[in-house]
Amino acid sequence: KAAEEEEGSPFEAQEIEGVRAVAWPLPGGAVLEAVLGTHLVLATGADFLRSIVTAYKGPPRDAADGRAAEATSRFLDPEAVKQLAVHDRELLFTINLEVVQAMASAAMSQSADGKEILKALHATGVDRLTSLGYALGFRDGGMEGALHLGARDGLGGAMEIVRNGFLPLGDPGDALAQVPAGALEVQAARLAPGKMLHDIDRLIRDGYPEVAGDLDKAYETLERAAGISVERDVFPLGELSLYAFAATPPAGGIFADQVILVRTEALGPYWKLLEKAAAVFGARFESLEASGGKVEYVNLASGIAGESNILEAILSGGINHPSFTEVLGLALAGAGGAVSRADLPGGWTAVSNLPQAVVRHLEHYVKAQKISEDAEWAALARARFPGASVAAVSRGGKSLLAGYNTFVSLASAFSAFAAMAGIDLAHLPPAERFLDA
C-alpha cells in the first residue's frame, strides 16, 4: 500500500493459473508478486510465474492446460521445483539457464573469439545446463539448504568428470569418534582427485588435439623441476574421505579452528607430492612438540621469500614487473602457504593450515567428549552423510548469537545517529534471550 501511495495509483493485478499476481513497476520492467501457500514468489514475467505455479500445483490436468505445460518446460525444470518446494522451505530461488545461454550464445557466435569460448563451454558441459534452483528451510530446530541443477540429457564434459570424481560417503562412525562434540560444524567429502585430473587431461586432448604437445612439454618440465611425474605420481592418486570440523579454541578466539581428519594411509601419496613441491621452493619441514604428539608443518612461501626477498620488495614498492617466482610467492602468501599435520592413534591424521589448531587437537580436542558419544549430533551426521558426496551438519547457534551480541555492542556506538533517525536500539534484545531456543 505504501508503494502504491508513492506511485500514485494501484498496481496492476492479474490472475495466473488461479493465483492473484501483482505487478510491481520497476525501471528494468515489472516484477510479479504472488503467494503460493506459505511462499512469497517474485517472478520477472507472467510466463515465468505461470511455470512456477504449474510446477507447484502439479502436472496439468487436461489438454486445456497445455499453455501452462509449455511454459513450464520452457522456463523452469518442474523437477527442480518438485524437489525443492516442499512444505518446510522458507526460500526458493530458481533461474532458467537456457534463456541465459541463448542470449550469450547469440552474442558470442558473431566473432571468432566468441566461438572459441562457446567451444570451451561445450567442453565443460555448461551448455547442457537448463536450470538452477536453491531452497532454504528449517526443520527440527535446524537449518537445511538444497541445491538442484537441471541438465539436458545429463551432465557432460568437465562437469560430468567432476561429478563422477565425487563418490558417495559411507558410514561416518569411525570419523565421528575423532571429532569433539563441541564442534560447531562438521563437513565431509569423498573424492578421487587423481581420476578427475586424468579424465580432464583426456577431455582436453580429445577436444583440443593441437594442445596435446604443449601438455606433454608442461608435464616434462614439471618432472625435471620437481621430480613429479604426472603419469606416475598424480594420475594414480587414490580416493580421499575428508572429515573437517570447526571448533572454538578452548581459550576462546574470534575465529574457529578448522581441522581436517583423514586416514593416514590415504594421505601418504599426497604428502609425498607436498614434500617434492617444498623441495623445489626451498621450504623446510619443521616440527613442534605437543603433549599429545608431534606436529609437522611447512610453509611453502618461506623458501620463495628467502630466495627473492619478496617481502622487502613489497614494503619498498619495488615490484613493478614481478618474476614467476615472485608471483608464486605472492599467491602462496595470499593462500596462507602453510600446511601442518599430526598423526593420531587408530590410523588417522589431523591436518590444518594453522599449526596451533593441530597442537590444540593433540592437547585438547582428542581428550574431549566425541560426537559419537552425543546422541543428537551422531544421529544428525549419520542421517546426512551416508550416500552423499559432500555434506555438512552444523549447530552454530551460539556462534551466531555471539555475532549478534557483537553487532549490538558495535551498533551502540552509533545510538545517537540511530535516535535521530527514530530508531531506539535499546529495543534490540540481548542474545541470551534466545539461548533456550
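User: Which strand does Thr-349 lie in?
Analyst: Thr-349 sits in S14, residues 348–352. Strands are DSSP runs of E with at least two residues, helices are runs of H or I with at least four, and both are numbered from the N terminus. Bear in mind that this is a predicted model, where local features need pLDDT of at least 70, side-chain atom pairs count only at pLDDT 80 or more, and totals for chains, interfaces and linings use all residues. Residues are numbered from 1 along each chain as its sequence is written, and side-chain values use heavy atoms, with hydrogens and water left out.

User: Why is Thr-349 called buried?
Analyst: Buried means under 20% relative accessible area, exposed over 50%, and partly exposed in between (1.4 Å probe, protein chains only). Thr-349 comes in at 0%, so it counts as buried.

User: What makes the pairing of Thr-349 and Asp-343 a polar contact?
Analyst: Their side chains are joined at 2.8 Å. The cut-off is a pair of N or O atoms within 3.5 Å; within protein, one must be able to donate a hydrogen and the other to accept it, and residues adjacent in sequence count only if both atoms are side-chain atoms.

User: And Asp-201, why is that one buried?
Analyst: Its relative accessible area is 9%, so Asp-201 gets the buried label. Asp-201 lies in helix H9, residues 193–207, and its side chain makes a polar contact of 2.9 Å with the side chain of Arg-205.

User: Which residues are in contact with Asp-201, leaving aside neighbours within four places in sequence?
Analyst: Leu-215, Tyr-219 and Phe-235, where contact means heavy atoms within 4.5 Å.
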